[in-house]
Amino acid sequence: MEANALKLTGPLPLHRFLIIVVFLTGLATQATAAPTADAFGTLPNAYDAAISPDGKQVAIIVNVQGQYGVRVVTLGKKGEKLRAVLLGEGVKPSWVKWANDKRVLIGLWQSRKFRGVPYTTRFIYTLDASSMKGKILVDNKELIRQNNADVVDFLDDDPDYILMAFSDRSQSLDDIHRVNVKTGRYGIVERTRQHVQHWYTDARGVPRVGQGLVDRVVNNEEEWNLIIRDADEALWRNADEYPGLAS
C-alpha cells in the first residue's frame, strides 16, 4: 500500500485513530525488515484472480506447494467441494479471465528447448469451471510458434469466442482468428498486413486499426506504420490519409 493511498476525511474517533497507527506501524516494520534468502524464490500465495460475469464465482491462481494452480470458488457457498487443478511443472501464469460463466481462460508461458536452443512460448489454457477439465486452446505442434496467447478482443458480447492474432503459415505473421473458447476451433477474420504486429478493434469487436514497426530506420529513428479502416468498409488506409493523424 502506498502512503498516500489512505485518504482521511474529517476527524477520527480515538479508537479508529489508534487502529490506523498500529496498522501503518506494522507496514513500516514489514517494509524495513530484511527478507530472508528463501523469500526471493517463494511463489506468492495468490498470483491473480477474476470474478465470473454473473458475479457468483471467482477463479484464483494460487501457489500449491511451490507450483501454480487454479482454484474456482462459488462466492458465499459453504462446504463446497474443492475445485482445483495444477498448471504443470515449469508453467508460469500471466493472467486469468472468465470467457463466460462456465469457462475460465488462463494465459501461461513456459520455457522450452528446440534442438538444444532454449526459447519461451506463450499459450492459453481453457478450463471448464465445473469439471475442472481443460486443454491448451491453440497450439500448433507442426509450427514452432512462440506466441499462442495474443488476444485481440475478448468479445464480451460473444462469450463463446475470442479474437486472437497468430498464423499457421509463419510465427512472424499475425492473422486475426475467431476462436471458440471451448473447442479451440478457429476461422480467419483478417489476413495480416505488411508491417502490422498489433491489431485493435472497435466496440463491436471489428478490427479497425493495425499498427507495427517498419523494418528500417529513417534519420536514426524507428519508423512506425499505422493503418485504419472506416466503419463497415473493407478498405484499409494509411493514417496519413486522415486529417489530424499525419505526423
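Two strands pair if DSSP finds at least two bridges between them. Strands here are DSSP runs (E, at least two residues), numbered from the N terminus.

## Basis of the model

This is a predicted model: local features need pLDDT of at least 70, side-chain atom pairs count only at pLDDT 80 or more, and totals for chains, interfaces and linings use all residues. Residues are numbered from 1 along each chain as its sequence is written, and side-chain values use heavy atoms, with hydrogens and water left out.

Strand β1 is joined to strand β2 (residues 57-64) by 5 bridges, and the two run antiparallel. Within this pair, Ala50 stands opposite Ala59 of β2.

The β2-β3 hairpin has 2 residues between its strands. Gln65 in that turn has a positive phi of about 55°.

These strands belong to an open sheet of 4 strands in the order β1-β2-β3-β4, with antiparallel pairing. The edge strands are β1 (46-51) and β4 (84-86), each pairing on one side only. Neighbouring strands are turned by 15° against each other on average, direction ignored. Angles run from 0 to 180 degrees between N-to-C directions, with axes as lines fitted to C-alpha atoms.

## Strand β7 and its partners

Strand β6 (residues 103-114) and strand β7 (residues 117-128) pair antiparallel over 12 bridges. Lys113 stands opposite Pro118 in β7. The hairpin of β6 and β7 has 2 residues between the strands, and Arg115 takes a positive phi near 55° there.

Strand β7 pairs with strand β8 (residues 134-136) in the antiparallel sense, over 3 bridges. Leu127 stands opposite Gly134 in β8. This hairpin has 5 residues between β7 and β8. Met132 in its turn has a positive phi of about 60°. With strand β9 (residues 147-148), β7 pairs in the parallel sense over 2 bridges. Arg122 stands opposite Asn147 in β9. Strands of a sheet pair through backbone hydrogen bonds, either parallel or antiparallel.

## Nonpolar cores

A nonpolar core is a set of buried Ala, Val, Leu, Ile, Met, Phe, Trp, Tyr and Cys residues joined through side-chain atoms within 4.5 Å. The largest has 18 residues. Those with the most contacts inside it are Val96, Trp98, Val104, Ile106, Leu108 and Leu127. Strands β2, β3, β5 (91-100), β6 and β7 each supply at least two residues of this core. A second, separate core of 12 residues includes Leu137, Ala149, Ile162 and Phe166.

Leaving aside neighbours within four places in sequence, its contacts include Ala50, Ala59, Val72 and Val104. Also among them are Ile51, Pro53, Val58 and Ala129.

## The β10-β13 sheet

Another 4 strands form an open sheet in the order β10-β11-β12-β13, with antiparallel pairing. β10 (151-153) and β13 (186-190) stand at the edges, each with a single partner strand, so one side of each is left without a neighbour in the sheet. The twist averages 40° from one strand to the next. Strand β11 (residues 161-166) is joined to β12 by 6 bridges, and the two run antiparallel. Ala165 has Ile176 of β12 as its bridge partner.

## Asp175 in β12

Asp175 lies in strand β12 (residues 175-180). Asp175 counts as buried because its relative accessibility is 1%; buried means under 20% relative accessible area, exposed over 50%, partly exposed in between (1.4 Å probe, protein chains only). The Asp175 side chain reaches the backbone nitrogen of Thr192 at 2.7 Å.

Beyond neighbours within four places in sequence, Asp175 is in contact with Met164, Ala165, Phe166, Ser167, Arg169, Ile188, Glu190, Arg191 and Thr192.

Technical notes. A polar contact is a pair of N or O atoms within 3.5 Å; within protein, one must be able to donate a hydrogen and the other to accept it, and residues adjacent in sequence count only if both atoms are side-chain atoms. Contact means heavy atoms within 4.5 Å.
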